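Thanks for coming. I will take one structure today and go through a few local features, then the salt bridges. Please have a look at it first.

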Amino acid sequence: MSARDFFKVVVGIAGSTVIAGSAFADELTFFSPVSEKRPSSAYMRDFAAKAEELSGGDVQFQMNYPGSLGIEVSDLLRHLKRGFVGAGGVYGPYYNRDAPTITAAYVEGAISNFAAHEAAVPVIEGIYQQTFDKWGIEYVGYVQPPLFDVSLFCKEPVSTLEGLKDKKLRVWTAHQLETFTRLGISAQIIPQTEMYVALQTGVIDCTIYLGEVAPLMSLDEVAPNESYIFPFASIPVALGISSRKMAGLADGERKAIRDAGQWISEHSLRAELEKAGGKEEARKARAEQGFTQLPAFSDEDLAKIVTTAREVWLEMAEKAGPESVEAYNLLTK
């Protein structure tokens, strides 16, 4: 290995380095909380490329994904604070231990349309900003994950809450579990990796799942009856830079990173809202792939789900503390 190659390896491990008079770019280790193939990670790479472009090549990010660097996603705030990781994407639901405020900031079933999500984003940004300030991390923007359909997929046709009451339902979060339990439905959390077999063997009759992802999981083979429930607008993934690492950069490099963060925030949100306008076409495509498109859940059923989901959300916020309650009040407006 040449001396130059060895140096670059050391830089990647340490997070970043600044050497007076060096011609090398400042390289920051970046950790994504989702796999390389997910759209959110693609947006994070776009952010990195924009920062490099705006800095004239002086800032570069070394991208890493779950399973690398020997760290857990749920520990990212701690590693950013220490400077072991230079930058990363922070996805709220992973941080119930270290930052319950951002975990309770947004839940499934909180909104009934995507326009409401757009209005909520500035409030969510404020929550991330406050949390990052406490952890010694600089907030520079966010990436918006895809906006999905949340549908009910069943072996037999079901498109009402009443029809679900004699079925065994799979959900994926504690919030969903409590919401549907209160609605009189037998629900249990089953990991995505076990969902297909659970449907195939009769452990469950139905699953709540993301419509656009269902074909990738071959749900048409085991639960082909789909009924749309509500939109799923994931909380944005916040982009944080270790304050220790940021302090070691030149003014122009810091500005390039901040400007790139603002750019990807607007770009990713606009792109996903635009895609959200084509949901009917996506459902038609699923019908052609073997899914039977049943009537969507009624407005009455949706109102029951959203009302109950917000009750559970408020209880989560109260457990997380006053800041979470304040955020809940702002978001539910």
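I start just after helix α2, where Gly56 takes a positive phi of about 65°. Helices and strands here are DSSP runs, numbered from the N terminus: H or I over at least four residues for helices, E over at least two for strands. A word on the source: this is a predicted model, in which local features need pLDDT of at least 70 and side-chain atom pairs count only at pLDDT 80 or more, while totals for chains, interfaces and linings use all residues. Residues are numbered from 1 along each chain as its sequence is written, and side-chain values use heavy atoms, with hydrogens and water left out.

Back to α2 itself, residues 39-54. Its 16 residues reach 23 Å from first C-alpha to last, close to the 22 Å expected; the expected span is 1.5 Å times one less than the number of residues. Among its buried residues are Tyr43, Met44 and Phe47. Buried means under 20% relative accessible area, exposed over 50%, and partly exposed in between, with a 1.4 Å probe and protein chains only.

Next, the sheet. Six strands form an open, mixed sheet in the order β7-β6-β8-β5-β9-β11. The edges are β7 (186-189) and β11 (292-293), each pairing on one side only. Two strands pair if DSSP finds at least two bridges between them. Strand β6, residues 168-171, runs parallel to β7 over four bridges, and Arg170 stands opposite Gln188 in β7.

Now the salt bridges, meaning a side-chain nitrogen of Lys or Arg within 4 Å of a carboxyl oxygen of Asp or Glu. By this rule there are 21. Which residue forms a salt bridge with Asp149 at 3.2 Å? That is Arg286, going by the closest N and O atoms. Arg286 lies in helix α11 and Asp149 in strand β5, so the pair ties together parts 137 residues apart in sequence. Both ends are buried, Arg286 at 3% relative accessible area and Asp149 at 1%.

Two other pairs sit within single helices. In α7, Arg182 and Glu178 bridge at 2.6 Å; they are four residues apart, about one helical turn. Arg182 is partly exposed at 35%, as is Glu178 at 32%.

Asp251 is exposed at 58%, whereas Arg254 is buried at 16%. Finally, salt bridges with shared partners join Asp149, Glu226, Glu280, Arg283 and Arg286 into one network.
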